[in-house]
Amino acid sequence: MIRNGVRADGIQGAVWRKAHSSIGNGNCVEVTKLPEGGVGMRNSRFPKGPALIFTEGEVTAFFEAVRGKEFDYLIA
């Protein structure tokens with residue numbers, strides 16, 4: 001089982017992706033679908049750093065909150 005804090009570059013089969021809007025600026029969050037389910041996230045500036053691991057339900061709830069503008073205050 002893949003756990004929070006594992007080295008991101010050590011997750012077997014991970015294909016890390018970043019948003020097209022962040023390519024080239026160096027400040028990116030990268031995500032990967034995990035083979036056993038769930039989603040991994042890492043900071044692109046530290047690809048060997050720790051990965052945060054989330055369930056599909058947690059990611060769905062987060063995306064719904066983003067779409068609902070609940071976190072807009074973080075970038076205002």
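A residue is termed buried when its relative accessible area is under 20%, exposed when that area is over 50%, and partly exposed in between (1.4 Å probe, protein chains only). The structure described here is a predicted model, in which local features need pLDDT of at least 70 and side-chain atom pairs count only at pLDDT 80 or more, while totals for chains, interfaces and linings use all residues. Residues are numbered from 1 along each chain as its sequence is written, and side-chain values use heavy atoms, with hydrogens and water left out.

The chain contains 1 helix and 4 strands, where helices (H or I, at least four residues) and strands (E, at least two) are DSSP runs numbered from the N terminus. Their order along the sequence is β-β-β-β-α. The C-alpha atoms occupy a box of roughly 35 × 30 × 20 Å along the principal axes. Of the 76 residues in the chain, 26% are buried.

Strand pairing requires at least two DSSP bridges between the two strands. Strand β2 (residues 29-33) and β3 run antiparallel and are joined by 5 bridges. The hairpin of β2 and β3 has 5 residues between the strands, and Gly37 takes a positive phi near 100° there. Strand β3 is also joined to strand β4 (residues 52-54), in an antiparallel arrangement with 3 bridges; Leu52 in β4 is the bridge partner of Met41. Strand β3 (residues 39-43) is mostly covered, with 4 of its 5 residues buried.

Side chains of opposite charge can pair when their charged atoms come close. With a salt bridge defined as a side-chain nitrogen of Lys or Arg within 4 Å of a carboxyl oxygen of Asp or Glu, the count comes to 4 salt bridges. One of them links Arg7 and Asp9 at 2.8 Å, N to O. Both residues are partly exposed, Arg7 at 47% relative accessibility and Asp9 at 38%.

The side chain of Glu30 meets that of Lys18 at 3.6 Å, N to O. Because Glu30 lies in strand β2 and Lys18 in strand β1 (residues 17-18), this pair ties together parts that are 12 residues apart in sequence. Lys18 is partly exposed, with a relative accessible area of 33%. Glu30 also stands opposite Arg42 in β3, and the side chains of Glu30 and Arg42 form a salt bridge of 2.5 Å, N to O. Arg42 is buried, at 13% relative accessibility. Through shared partners, salt bridges join Lys18, Glu30 and Arg42 into one network.
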